[in-house]
Amino acid sequence: MGNVIITNISSLPKGNVSENVYKSDLGNISGIYTNDAPVKYLLSHIASVGGKTDKIIAVATQAANEAYDVFCKTIHDYSSDKNINEPSILKIPTSEQVLAETIQKIVTEINVNDHIYIDTTGGFRNSNYILMGVVRILEYSNIKLTKAVYSKYNRESPEDNSIVDVT
């Protein structure tokens, strides 16, 4: 039995980026890019209940390859800073033309007794369909979603930024 996080990697934003702070039930979580704050939250959540994250499945388009590299470094640094287990990160390449194949690749990486955590924040416009498809297939195999989150970003009122549980 393992703890697996699934996330869709977004392309890096153009121009200057700044660190954003998101409120959560675990305290403030900071992030610079789309996926880092919610995945950091999930890593900390799993550690807070005495677990360790075994694997992150990162779905990425070709346009998100550079972002994937930044994401891996961010997770490495966060794990070291928080003294929590650094999970392996498996990249699954995708495009909008191969959604079914992407879902199948993800499902083959999950075992029957795994606990599944999902960050629904990133990816291309319809990438959440990948996550919905994965969850549905896993439910047919009696594998339940443990937690799903996204980062709510409010440019006009940054104090309203938060990690939202959408489980």
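What follows is a walk through one predicted protein model, from the whole chain down to single residues. Because the model is predicted, local features need pLDDT of at least 70 and side-chain atom pairs count only at pLDDT 80 or more, while totals for chains, interfaces and linings use all residues. Residues are numbered from 1 along each chain as its sequence is written, and side-chain values use heavy atoms, with hydrogens and water left out.

Let us begin with the overall layout. The protein chain has 4 helices and 8 strands; here helices (H or I, at least four residues) and strands (E, at least two) are DSSP runs, numbered from the N terminus. In sequence order, the pattern is β-β-β-α-β-α-β-α-β-α-β-β. The radius of gyration, 15 Å, is close to the 15 Å that the globule rule gives for 167 residues, so the chain is as compact as a globular protein of that length. That radius is taken over C-alpha atoms, and the rule is 2.2 Å times the number of residues to the power 0.38. The C-alpha trace spans about 40 × 40 × 25 Å along its principal axes.

How is the chain packed? Buried residues make up 45% of the 167 residues, where buried means under 20% relative accessible area, exposed over 50%, and partly exposed in between (1.4 Å probe, protein chains only). Of the contacts (heavy atoms within 4.5 Å) with a separation of 6 or more, 70% are between residues 24 or more positions apart.

Which residues of helix 2 are buried? They are A67, Y68, F71, T74, I75, Y78 and S79. Seen down the axis of helix 2, its buried residues fall within an arc of 130°, so they line one face; the arc is that of the directions from the helix axis to the C-beta atoms. An α-helix has 3.6 residues a turn, so residues three or four places apart point the same way. On the other side of helix 2, E66, D69, K73 and D81 are exposed. The cover over the buried residues includes strand 1 (3-8), strand 3 (29-31), helix 1 (36-48), strand 4 (55-60) and strand 5 (88-93).

Just after helix 2 comes N83, in the loop between helix 2 and strand 5. N83 has a positive phi of about 55° although it is not a glycine. Most residues other than glycine have a negative phi. N83 is also exposed, with a relative accessible area of 71%.

Now turn to the strands. In strand 6 (residues 115-119), 4 of the 5 residues are buried, so this strand is largely enclosed by the rest of the structure. Strand 1 and strand 6 run parallel, joined by 5 bridges; two strands pair if DSSP finds at least two bridges between them. Here I5 stands opposite Y117. Strand 6 also pairs with strand 7 (residues 145-152) in the parallel sense, over 4 bridges, and the bridge partner of D119 in strand 7 is V149.

I163 counts as buried at 12% relative accessibility. Leaving aside residues up to four places away in sequence, I163 touches Y22, K23, S24, A37, P38, Y41, V149, Y150 and S151.
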